Amino acid sequence: MNHILLKERTKKFALKIIELVESLPKGRTADTIGKQLLDAGTSVGANYRAACRARSPADFISKMGIVEEEVDETIYWMELLVKARLVNENDISDLLEEAN
């Protein structure tokens, strides 16, 4: 898979995360989880872009580790939204699949 394709996929992923967060019900819990989800979900693409500008193979691997951590955190927040019954798992199954 080439870098241009992954840059586009991670950008689309971030935009879908933004849509999800904007659709959450208003309330303390949804606002708190939503902020965390927004931070993690939008940083996936930003960190991937940084990895593409790595100065060495070791730097690339290190930066990709950050991407993986952010994706995993994004999954966590989405799972928490489902468990807290703030979203239906079927409504975010595509996002979860893309994150995985």
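Student: Let's start with Glu69. Which helix is Glu69 found in?

Tutor: Glu69 sits in helix H3. Keep in mind as we go that this model is predicted.

Student: How do I read its accessibility: is Glu69 buried or exposed?

Tutor: The general idea is a pair of cut-offs: a residue under 20% relative accessible area is buried, and one over 50% is exposed. Glu69 has a relative accessibility of 55%, so it counts as exposed.

Student: How far apart are Glu69 and Val44, in sequence and in space?

Tutor: Along the sequence, 25 residues separate Glu69 and Val44. In space, their C-alpha atoms are 8.7 Å apart.

Student: Which residues of H3 are buried?

Tutor: Among them are Val67, Val71, Ile75, Trp77, Met78 and Leu81. Glu70 and Thr74 are on the buried list too.

Student: And what do the buried residues of H3 pack against?

Tutor: Their partners are helix H1 (3-23), helix H2 (28-52) and helix H4 (93-99).

Student: Where is Arg85 placed, and is it buried or exposed?

Tutor: Arg85 belongs to the loop between H3 and H4. Its relative accessibility is 76%, so Arg85 counts as exposed.

Student: Let's step back to the whole protein. How many helices and strands are there?

Tutor: You can find four helices and zero strands. Following the sequence, the pattern reads α-α-α-α.

Student: How does the radius of gyration of the protein fit with a compact globule?

Tutor: The idea is to start from the number of residues: with 100 of them, a compact globule would have a radius near 13 Å. The protein has 14 Å, which agrees. Along the principal axes, its C-alpha atoms fill a box of roughly 45 × 20 × 20 Å.

Student: What share of the residues is buried?

Tutor: Of the 100 residues, 32% count as buried.

Student: And how many charged side chains are there?

Tutor: The protein has 14 positive and 17 negative side chains. The centres of these two sets lie 6 Å apart.

Methods
Residues numbered from 1 in each chain as written. Predicted model: local features only at pLDDT ≥ 70, side-chain atom pairs only at ≥ 80, totals over all residues. Heavy atoms only, no water. Helix = DSSP H or I, 4+ residues; strand = E, 2+ residues; numbered from the N terminus. Rg over C-alpha atoms; globule rule 2.2 N^0.38 Å. Buried < 20%, exposed > 50% of the residue type's maximum accessible area, 1.4 Å probe, protein only. Lys, Arg positive; Asp, Glu negative; His and termini not counted. Charge placed at Lys NZ, Arg CZ, Asp CG, Glu CD. Contact = heavy atoms within 4.5 Å.
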